[in-house]
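Here are a few notes on this model, jotted down while going through it. Have the structure open as you read.

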Amino acid sequence: MQNYFKTAKNRVLVLFFVLLTLNVSAQEIDLLIKGGHVIDAKNKINTKMDAAVKDGKIFRVAADIPASSAKKTVNVNGLYVTPGLIDIHGHVFHGTEPDNYLSNSQDALPPDGFTFRAGVTTVADAGGAGWENIDLFRKNVVDKSKTRVLAFMNIVGGGMR
Amino acid sequence: MKKNSPILNLFGTLILFLVFSCPASYAQQIDLLLKGGQVIDPKNKINAKMDVAIADGKIVQVAANIPANSAKKTVDVSGLYVTPGIIDMHVHVFQGNDLGSYIADGQTAVPADAFTFRAGVTTVVDAGSSGWRNFRKFKQQNIDRSRTRILALLNIAGTGMYGRFEEQDKADFNPEMTAYMITKMFPKIIVGIKSAHYWGDFTQVDRAVEAGKLANVPVMVDFGEHQPTNSIKSLFLEHLRPGDIFTHTFAYGPKDRETVVDDNGIVKPFIFDAQKKGIIFDVGHGGGAFFWRQAVPAIKQGFKPNVISTDLHSDSMNGGMKDMANVMSKFLNIGLTLEEVIEKSTASPARVINRPELGNLSVGAEADVAVFSLKKGEFGFTDVRRNTLKGTQKLYAELTIRAGEIVWDLNGLSGPIWDSPQAISR
């Protein structure tokens, strides 16, 4: 193997393959959110940084991540980049029971129409469901929503009927 | 009963008191005065700085300089546009939790009030979510419980938009039952018929038109999903009547839906003929039916839709569509005037669905009013493939009034300042 690197031709070949590998890893980021001001309170970040996403996860948060390393780059200059917002008090146990209040009823609303347009990615339903109907809540709302839906379960079995 | 009973005397005094106190109350007969805005009311050919006065849920006066002291409440709308409440002629609001269903009583439909008022919309037309078999459930469950005025097109398929599969069942396209449901049962709510999602020939359209003739109402056609495509020229010139509606005008699904603009970016000549004949072209933006590559060249070449609408449902709400004000803004940014955009979202749809009392600010009309700001700046608008068109102006619904009641107030225009003497203290 050592001999292999001695010829100039083979050295070029190795360099070529190394570069090829770099080129592959050059596009390893799926989505690069570039040029924004990152506010990530938990990690005590409040500065201009780029955020890289790969396989649905945060992959890197750093200054000046090169755009060439990403399949897609979105320029967010002048904008604030934060974790997806969490709204811990919503009522999303929507349904059609005519006389119910916030449990399987129309006073509660399907989350996806309200969350994403306000930057929210996680919502906690505040007691719409109790132990008697939380499985219906899971079936009709949690499993069917693109928003991450969590719940405070009501101490009353029927929730906020 | 004795003539001089003390009760009658008291009653008489009360009447006298009321008569004499009349001039005072007369001075404040207006409940709500929208003052200083630019009124655009295309049906009444108004585009001028005027005030709009509302009393008892109706429009009572539209004129310049109506004095504020004649109104119980005045809202300063200087610098804003005052229009009739917007009509969104294509939505899906038969929302429910039948998890086996697509739109009829299903989760792809959305609750109307959550999307209408914040976009200036006061009337929607549900486009065929229900058919004659399940319209009554729709009425009871959604229409009767919404503050938005919900009208409907009845699907020619009896089960409405339960699923694509059910929408193929020729045995369930019943013109007679469909027409009866309209003429005998719900003539005030059902304003037309819908044909959609059919995989076959012209059968479904023809049955819908047959029902339309029986009930004397227009038919709206979503003419996609035929492979190979069916001819829209034939649809317009041989199957539909003047007044019938072609929706998803700016769709681009060349494999299963013939397009209005050809591959060279030219509007097909027969499209103009069809519009002249009276075919109504509806936007019906939706989650898959609005492409810049169709809309931009069409508008440039002078082909404008008759009606602007959203095709609101859960697969369109978070995409390029967003809401009615956004869809209206798109047309503003590709060459329509503000007056045209308002006309195509008020008077025009009212005419198409034969509800001339809607979509205008005529004295006596139910006071459905929208107040918009038109912001200038850098905006972007996406189509259903998320291609972006850069724009310079965008409409925001500042205030929406339904039957005289303020149902949406984006920036608190109508409220007293919280720590002022006028603040509501309870």
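How are helix 5 of chain B and helix 6 of chain B oriented to each other: roughly parallel or roughly perpendicular? Keep in mind throughout that this is a predicted model.

1. Start with the angle. Helix 5 (residues 232-239) and helix 6 (residues 269-277) of chain B pack at about 25°, and their axes are 10 Å apart. Angles under 35 degrees count as roughly parallel, so helix 5 of chain B and helix 6 of chain B are roughly parallel to each other. The crossing of these two helices is left-handed.

2. Now the residues at that contact. Helix 5 of chain B brings K233(B), F236(B) and L237(B), which meet F270(B), A274(B) and K277(B) of helix 6 of chain B. By type, the contact splits into 4 nonpolar and 2 charged residues, with no polar ones.

3. Over in chain A, have a look at the open sheet: 3 strands in the order 3-2-7, with mixed pairing. Strand 3 (45-48) and strand 7 (80-81) of chain A are the edge strands, each pairing on one side only. Strand 2 (residues 37-40) of chain A runs antiparallel to strand 3 of chain A, and 4 bridges join the two. I39(A) sits opposite N46(A) of strand 3 in chain A.

4. Back in chain B, Q168(B) is in the loop between strand 8 (149-155) and helix 3 (175-185). Q168(B) has 17 other C-beta atoms within 10 Å, so it counts as partly exposed. Beyond its neighbours within four places in sequence, Q168(B) is in contact with Y198(B) and W199(B). Its C-alpha atom is 9.5 Å from that of A196(B), 28 residues apart along the chain.

How values were computed:
Residues are numbered from 1 along each chain as its sequence is written. Chains are lettered from A and ligands numbered from 1 in the order in which they are written. This is a predicted model: local features need pLDDT of at least 70, side-chain atom pairs count only at pLDDT 80 or more; totals for chains, interfaces and linings use all residues. Axes are lines fitted to C-alpha atoms, for helices over the stretch in contact, and angles run from 0 to 180 degrees between N-to-C directions. Angles under 35 degrees count as roughly parallel, over 145 as roughly antiparallel, 65 to 115 as roughly perpendicular and the rest as oblique. A crossing is left-handed if the near helix is turned anticlockwise from the far one by less than a right angle, and right-handed if clockwise. Two residues are in contact if their C-beta atoms, placed from the backbone, lie within 7 Å. Ala, Val, Leu, Ile, Met, Phe, Trp, Tyr, Cys and Pro count as nonpolar, Asp, Glu, Lys and Arg as charged, and the others, Gly among them, as polar. Two strands pair if DSSP finds at least two bridges between them. A residue is buried if 20 or more other C-beta atoms lie within 10 Å of its own, exposed if 12 or fewer, and partly exposed in between; C-beta atoms are placed from the backbone.
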